[in-house]
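Okay, thanks for coming, everyone.

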Amino acid sequence: MCRNGSGWDDPLPAELGPRWEKWMSDLPKIAAIRIPRCLKPSQFSEVKSTQLHHFSDASTLGYGQCSYLRIQDHQDRECSTLLMGKSRVAPTKITTIPHLELTAAVVSVKISQILKEELHLTKGEEIFWTDSQVVLGYINNEARRFHTFVANRVQMIRESTDVGAFKERPPSKDLDPFTDDSGILRVGGRLRNSSLPLFVKHPVIFPKDSHISRLIAAHFHEKVHHQGRGITLNELRANGFWIICGGGLISSLIRKCVICRRNRRPTQEQKMADLPEDRVESSPPFSYCGMDCFGPFITKQGRKNFKRYGLLFTCLCSRAVHVELLDDLSTDAFINGLPLPLPPPGKFVPQDMYLRKRWRRVQYLTEQFWSRWRKEHLQNLNRRQCWAKPRRNIEVGDIVLILEPEVARNRWPMGVVVVAAKDKDNLVRKAKVQVGTRKLNQQGKREVKLTFLERPVQKLVLLLEST
Ligand SMILES: [Zn+2]
């Protein structure tokens, strides 16, 4: 308006009317703005260090600066607060960008003096950031004589601050954003001159932690049929969206996505439990054991074939195994298959020389066995080979997939956890899962009875947390 020669009392040009009115209508919102008086957050302890950071920049339209206070407390928590900012429109008479940038730096130095005085800051670091190498060159060059405009300002800066406090702000090479005609922030970058469509060349920039960004990412993740992070990210960019740190956002989205979990998530893990007493105390072999049947096998007696089963015993303590043969899988056959109890060690009666010798030999071997068992086997058990960290416990109400090695993953049954019993160390290692279908008959009753399965958590895939 100044350039067009409008006077103070002239009516507003028609094309500026709506902008003026919009600005006016925003004014009442100022009443809602709250600025905390204290620069230190309430939960902060005593401040350990303070830094003032001043940023200055310029463009053909104007120049400005802003100053931040960065404080750190004794727990190394950090907090940055905006203290002050100044912006001015560029002077109407033609000037260069480096000159405007230098002027902005001078404003920063002046603001710094005001802030230090007002905040009673006597110690602490102070940094002036600029992305103009010309300005840095001016300030650091002691040898050259400058044009009056530059010389005056450089002198002012040198007198008031430590020259070393001026630093170059790292330029963002890949992402040099700009606002388009509709006020939308877009990625600049080196594709500016390519023939790609505008929205691909210059995708719209979205912040990382916003609901909209999450919705957009979820939309494209679904569009690529729940493929991984890279493909989702490419799809997003090919459609003209650029989410800052988008990879991280998409990873967290995929981690929580129920369909992806159903397709790919590994089964649950939990820190291994302490070994029960019967596995770490030395005891006669097979005092505590596990057993299982296997088979059948065809055996030959004479010219006849018989079906036979194996009964396997594993000693929980020494890990020794023992196999018996069973005629069939009946209870009677099982009881018959149990070996007669062995005499516990020390019950051999050394009656004669031969037996005594034999007894000593057995005693010697037994001692050897247990000493090696303690040294080698028990030490190995002590290291938890996997599942070393406690994980989130399975909880009642969690929706899970139950691993069934016999069938393909897409046919694993889904269920809801109804019991999640905690061990002594408060970790859940097995859960009872209710499996059923929603099919109801015409009387509104279930067609298929609910089944309850008890499974170790390593056989469950968590689809949806109850909370
Ligand atoms: Zn998914």
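Two housekeeping points. What you see is a predicted model, where local features need pLDDT of at least 70 and side-chain atom pairs count only at pLDDT 80 or more, while totals for chains, interfaces and linings use all residues. Residues are numbered from 1 along each chain as its sequence is written.

So, the protein chain: it has 12 helices and 17 strands. Those are DSSP runs, numbered from the N terminus, with helices being H or I of at least four residues and strands being E of at least two. Why do I call the chain more spread out than a compact globule? Because its radius of gyration is 39 Å, well over the 23 Å that the globule rule gives for 467 residues. That radius is taken over C-alpha atoms, and the rule is 2.2 Å times the number of residues to the power 0.38. Along its principal axes, the C-alpha trace spans about 125 × 70 × 45 Å.

Buried residues come to 14% of the 467; buried here is 20 or more other C-beta atoms within 10 Å of the residue's own, with C-beta atoms placed from the backbone. As for contacts (C-beta atoms, placed from the backbone, within 7 Å), take those between residues at least 6 apart in sequence: 57% join residues at least 24 apart.

Now the sheet. Five strands make an open sheet, ordered E3-E2-E1-E4-E5, with mixed pairing; two strands pair if DSSP finds at least two bridges between them. At the edges sit E3 (78-89) and E5 (166-168), each pairing on one side only. From one strand to the next, the twist averages 25 degrees. For angles, axes are lines fitted to C-alpha atoms, for helices over the stretch in contact, and the angles run from 0 to 180 degrees between N-to-C directions.

E2 (residues 62-73) and E3 run antiparallel, joined by 11 bridges, and Tyr 68 has Leu 82 in E3 as its bridge partner. Helix H2 (residues 97-118) packs on this sheet, touching E1 (47-58), E2, E3 and E4 (125-130), at about 150 degrees to E1. Helix H3 (residues 133-140) lies across E4 and E5, at about 150 degrees to E5.

Last stop: E13 (residues 399-402). It runs antiparallel to E14 (residues 414-422), with three bridges, and Leu 401 stands opposite Met 414. E13 is also antiparallel to E17 (residues 460-464), with four bridges; there Ile 402 partners Leu 460.

Definitions and conventions. Buried ≥ 20, exposed ≤ 12 C-beta atoms within 10 Å, placed from the backbone. Contact = placed C-beta atoms within 7 Å.
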